[in-house]
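Hi,

Here is the structure I said I'd pass on. Have a look at it first, then read my notes below.

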Amino acid sequence: MLTALFGGTFDPVHYGHIHPAIALAKEIGLTQISLLPNQIPPHKPQPEATTEQRLEMLNLAIEDLPLFSIDTREISSEKLMRPSYTIETLEKWRKENGYQKGLAFIMGQDSLLSLPTWHKWQTLLDYCHLLICRRPGYAEKTDDMELQNWIDTHQTTNIKDLHDCPFGYIFFAHTPLENVSATEIRQNINNEQNYKNLLPTKVWHYIHQHALYNAKKK
């Protein structure tokens with residue numbers, strides 16, 4: 001059975017994470033997606049919410065969605081003081097599962113285009129497939145010829161390849177274009193604008209209850 005990790009800061013988790021992941025699972029036949037919260041992301045600003053708050057919001061978001069679970073390996077105590085490198089996580093995840101099990105890593109189109117800034121990015125496919133969710137405003141091709149050649153070499157449009165091989169392919173999913181981001185949500189909260197329809201109701205209540213992302217209430 002093909003299983004997947006979906007990494008992110010989830011600061012906060014929102015429908016731009018949840019809806020495309022559900023659509024992706026239906027498209028390719030995933031039965032389990034593990035959400036992987038980062039502690040110190042190397043390529044993004046540090047999270048505003050605490051690790052505990054982000055984890056609690058994730059639990060609230062998925063408690064009625066059996067497709068999802070949470071993998072806390074990147075926020076474990078021994079990881080707290082150093083960046084979370086995806087390649088290190090994938091190496092350990094593959095070792096835990098052996099080399100015959102189908103494993104995949106989910107990322108947005110924006111993350112794919114930034115891969116050349118990632119640590120040991122060209123070895124990612126030695127451990128898993130990459131499942132790419134579309135993002136509004138991002139081109140399907142890149143001017144970085146090294147990256148584009150790498151994508152072209154490994155891309156498949158055949159879902160069967162993802163199930164027959166344990167790693168090695170890039171698949172562009174036909175996921176909905178969710179025009180929502182955590183940055184937008186945090187800005188809306190700080191500016192006291194509406195954001196309730198952008199994330200699960202239980203997460204909205206949690207943010208409101210704890211006055212998260214609102215500098216005026218701190």
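This is a predicted model: local features need pLDDT of at least 70, side-chain atom pairs count only at pLDDT 80 or more; totals for chains, interfaces and linings use all residues.

N158 sits in the loop that links α5 (145-154) to α6 (159-164). (Helices here are DSSP runs of H or I with at least four residues, strands are runs of E with at least two, and both are numbered from the N terminus.) N158 counts as partly exposed because its relative accessibility is 37%. The cut-offs: buried is under 20% relative accessible area, exposed is over 50%, and partly exposed lies in between, with a 1.4 Å probe and protein chains only.

Residues are numbered from 1 along each chain as its sequence is written, and side-chain values use heavy atoms, with hydrogens and water left out.

Now the whole chain. How many helices and strands are there? The chain has eight helices and six strands, and from the N terminus on they run β-α-β-α-β-α-β-α-β-α-α-β-α-α. The C-alpha trace spans about 50 × 35 × 30 Å along its principal axes. The radius of gyration is 17 Å, which agrees with the value near 17 Å for a compact globule of 218 residues. (That radius is taken over C-alpha atoms, and the globule rule is 2.2 Å times the number of residues to the power 0.38.)

Of the 218 residues, 48% are buried. The accessible surface comes to about 10900 Å², and carbon and sulfur atoms account for 50% of that; areas come from the Shrake-Rupley method with a 1.4 Å probe, and for residues only the protein chains shown count as cover. Contact means heavy atoms within 4.5 Å. Among contacts with a separation of 6 or more, 74% are between residues 24 or more positions apart.

Next, follow the strands. Two strands pair if DSSP finds at least two bridges between them. Start at β4 (residues 103-108), where six of the six residues are buried. L103, F105 and M107 point one way, while A104, I106 and G108 point the other way. Which strands does β4 pair with? One is β1 (residues 3-8), which pairs with β4 in the parallel sense over four bridges, and here T3 has L103 as its bridge partner. Another is β5 (residues 129-133), which runs parallel to β4 and is joined to it by five bridges; in this pair F105 stands opposite L130.

β5 is also mostly covered, with five of its five residues buried. H129, L131 and C133 point one way from β5, and L130 and I132 the other way. The partner of L130 in β6 is I170.

You'll find L67 in the loop between α2 (51-62) and β3 (68-70). Is L67 buried or exposed? L67 counts as buried because its relative accessibility is 17%. Leaving out residues up to four places away in sequence, L67 touches A21, I22, A25, L30, T31, Q32 and I33. A25 is 42 residues from L67 along the chain, and their C-alpha atoms are separated by 8.4 Å.

Most residues other than glycine have a negative phi, and most peptide bonds are trans. Against that background, the peptide bond from D11 to P12 is cis, with omega near 5°. P12 lies in the loop between β1 and α1 (15-28).

Two residues in the segment after α8 (201-210) also stand out. A211 has a positive phi near 55° without being a glycine, and A211 counts as partly exposed because its relative accessibility is 22%. Y213 is not a glycine either, and its phi is positive at about 65°. Y213 counts as buried because its relative accessibility is 4%.

Cheers
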